[in-house]
Amino acid sequence: MRWWALVAVTLGTFMTYLDNNVGNVALPTIQRELGLTISGLEWIVSSYILVFAGLMLAGGRLADVLGARRVFLGGLAVFTLASLAAGLATSGGMLIAARAVQGVGAALLTPTTLALITQLFPDPAERGRAVGIWSASGALSMALGPTLGGLISENLHWGWIYLINVPIGVVTGGLALWAVRPAFTRVRRGLDLPGLALSALALFALTFALIEGESLGWASAPILAAFGAFAAAAALFVLVETRAAEPMIAVSLFRSRVFTGGVLTSGIWSFGVFGIYFFSALWLQNVLGFSPTQAGASFVPMALVMGVMAILSQQVSARLGIGRTVALGMALMGIAIYLISRVGADGDFTDVAPWFILYGLGGGLLVPLTSAILNGMPKERSGVASGVLNVSREVFGLLGITVLGALLTARQNASGLPPLPAFLDGYRFTLVVAAVVVLAAIPVALYSLRPRPETMEPQAATTPETVGSSN
C-alpha cells in the first residue's frame with residue numbers, strides 16, 4: 001500500500017512539473033495568439049511561481065497542522081480546477097490569473113509530497129529510494145512536457161497544455177483517497193499569518209521590480225518603491241520570525257549545516273534551470289528555427305538521462321559521498337550551460353544535444369541532496385522543512401527568470417543589432433552568467449554536505465507541539 005501511496009504522491013508532483021515543462025515550449029504560440037510582450041510571457045510563468053513560492057511555507061505549515069493527506073488532496077483539487085480555467089482562458093489577463101490560482105494549489109500540494117514520503121518511509125534507505133523515484137518523475141515530465149507542448153502547439157489549441165492536467169488530477173485524487181491513509185502525528189497550532197503576509201509581499205514586490213524594471217526604468221518611482229517595499233517587508237519578516245512563538249520559518253532549522261547549505265545549493269540549481277528552460281524554448285524556435293515539436297524533442301535526451309541518474313544517484317553518493325556527488329552534478333551542469341552558450345545561430349540538434357545531455361547527467365546527481373535535507377530533520381518538522389526546501393527552489397527559480405530576463409533584455413536593447421541577432425547575443429550572455437552562478441554552488445556543497453565530524457549533527461530544537469489527528 002505504501003508504494004501505491006508513493007505513486008499517488010509522485011503523480012501529484014509530476015502534474016505540477018509537467019505543467020511548467022509543457023508551457024515553456026508553447027510560449028511563442030501563446031505570445032502570438034494573445035498578442036503578449038516578453039514581459040507578459042514572464043508574468044504567465046512568474047505569476048504561478050510568485051504565488052507558489054509566497055504561499056508554500058504556509059502549505060508546509062498546514063501540512064503539519066491539518067495533516068499532509070488532507071492538504072495534499074485540497075491542493076490537488078485547487079490545481080486541477082485552475083488548470084481547467086487556464087486552458088479555457090481567452091486573454092493574457094485571464095491566463096495570468098488562472099496561473100496564479102494554480103500556484104495556490106501547487107503551494108498546498110508540493111510541500112506535502114515530501115512530508116508524505118517522510119511519513120510513509122521512516123527507514124532512511126527506503127526513503128532514499130522513494131525520493132529517487134519521486135525525483136525521476138520530475139525528469140520524466142521534462143522529457144514528456146516539451147514534446148507534448150510542441151505537439152499541442154502545432155496541432156491543437158494551446159489551451160490543451162493546461163487541460164491535460166484535469167484527467168491526471170482526477171486519477172491522482174482517486175488513487176490518493178484509496179492508498180494514502182490517515183495517521184496521527186504531532187501537529188503545530190498556528191499559521192503565523194504576519195509571516196505569511198510579509199513573505200508574500202516581499203516576493204511580489206521583488207518580482208514586479210525585476211520584471212518591469214527594464215520597461216519602466218530602473219530608477220523610476222514605481223520600481224524604486226517596489227524595491228523599497230521588498231527590503232522593508234523582508235526585514236520585518238526576519239524580525240517577526242525571530243520573535244514569534246510559532247514562526248513560519250524556525251530559525252533553529254538553519255542551525256543545521258546540511259539543511260542551510262542544502263537549501264542554498266538547491267536554490268542555486270533552480271536559478272539556472274528555470275532561466276535556461278524559459279529562454280531556451282524561445283531560442284530554439286526564434287533563433288535556430290526549430291518547430292515547436294522539434295524544440296520539445298530537443299529536451300527529451302536530457303530529461304531521460306536525468307531520470308536514469310536520479311535513480312542511480314544513491315549508489316553514486318554511497319561511493320563518493322553526498323557533498324562530492326552534488327558538487328560533481330553542479331560542475332557538469334555549469335559546464336553544459338556554458339557550452340550551450342557557444343552554439344551559434346546556425347546550430348542544429350547535433351550541436352545542442354550533447355550539452356543538454358551533459359546537463360541532464362549533472363541534474364540527476366542532485367537527488368541525494370533532497371534525501372540529505374529530509375533525513376536531517378525531525379519527522380514532526382517534515383512539512384515546514386519541505387516547504388522551506390521547495391520555496392528556496394521556487395524563489396531562486398523566480399529570480400532565475402526575472403534576473404536573467406532583465407539581463408537579456410538590457411543586453412538586447414544595448415546591442416544595436418537586428419531583433420534576432422540581438423536576442424541571440426543577450427541569450428548567450430545570460431547563459432554565461434547562469435553558468436557562473438551554478439558553478440558557485442560547488443564550494444557550498446563541498447562544505448555543507450561534507451561528512452560530519454561527529455556521529456550526528458545536533459538537530460534543530462523543536463517548538464511546543466500538541467498531539468492530534470493529521471488527516
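**Figure 1. An aromatic cluster takes in Trp-283, Phe-423 and Tyr-427**. These three residues come together as one cluster in this predicted model. Two of its members, Phe-423 and Tyr-427, share helix H17, which covers residues 419–439. They sit 4 residues apart there, or about one turn of the helix. How are the rings of Phe-423 and Tyr-427 placed relative to each other? Their centres are 6.3 Å apart and their planes meet at 10°, so this pair counts as stacked. Both residues are buried: Phe-423 has a relative accessibility of 8%, and Tyr-427 has 1%.

**Figure 2. Trp-218 and Phe-227 make a stacked pair**. The model holds 6 aromatic pairs by the rule used here. In the pair formed by Trp-218 and Phe-227, the ring centres are 6.5 Å apart, with 25° between the planes. Because stacking requires planes under 30 degrees apart, this pair falls into that class.

**Figure 3. Helices H2 and H3 pack against each other, and Tyr-48 takes part**. Helix H2 spans residues 38–66, and helix H3 spans residues 68–87. Their axes come within 8 Å and cross at roughly 150°. The two helices are therefore roughly antiparallel. On the H2 side, the contact is made by Tyr-48, Gly-59, Leu-62, Ala-63 and Leu-66. H3 contributes Ala-68, Arg-70, Val-71 and Phe-79.

**Figure 4. Helices H17 and H18 meet**. Here we return to H17, the helix that holds Phe-423 and Tyr-427, and look at its contact with H18. Helix H18 runs over residues 441–448. The axes of H17 and H18 come within 5 Å, crossing at roughly 15°. With angles under 35 degrees counted as roughly parallel, that description therefore applies to these two helices. Which residues of H17 meet H18? They are Val-437, Val-438 and Leu-439, and their counterparts in H18 are Ala-441, Ile-442 and Pro-443.

**Figure 5. Ser-313 is a buried residue of helix H12**. Find helix H12 at residues 300–320, and Ser-313 within it. Its relative accessibility is 0%, so Ser-313 counts as buried. Leaving aside residues up to four places away in sequence, Ser-313 touches Gly-364, Leu-365, Val-367 and Pro-368.

**Figure 6. Ala-244 sits in a loop between two helices**. The loop lies between helix H9 (221–243) and helix H10 (257–287). Ala-244 is partly exposed, with a relative accessible area of 25%. Where does Gly-195 stand relative to Ala-244? The two are 49 residues apart in sequence, while their C-alpha atoms are 8.9 Å apart in space.

**Figure 7. Confidence along the chain, with a look at residues 454–471**. The protein has a mean pLDDT of 80, and 88% of its residues reach 70 or more. Over residues 454–471, the pLDDT is below 50. Beyond near neighbours in sequence, this stretch has 54 contacts in the model. Where pLDDT is low, predicted coordinates should not be read in detail.

Definitions and conventions
Residues numbered from 1 in each chain as written. Predicted model: local features only at pLDDT ≥ 70, side-chain atom pairs only at ≥ 80, totals over all residues. Heavy atoms only, no water. Buried < 20%, exposed > 50% of the residue type's maximum accessible area, 1.4 Å probe, protein only. Phe/Tyr/Trp six-rings, centres within 6.5 Å; stacked < 30°, edge-to-face > 60°. pLDDT = per-residue confidence, 0-100. Contact = heavy atoms within 4.5 Å. Axes fitted to C-alpha atoms, helices over the stretch in contact; angles between N-to-C directions. Parallel < 35°, antiparallel > 145°, perpendicular 65-115°, else oblique.
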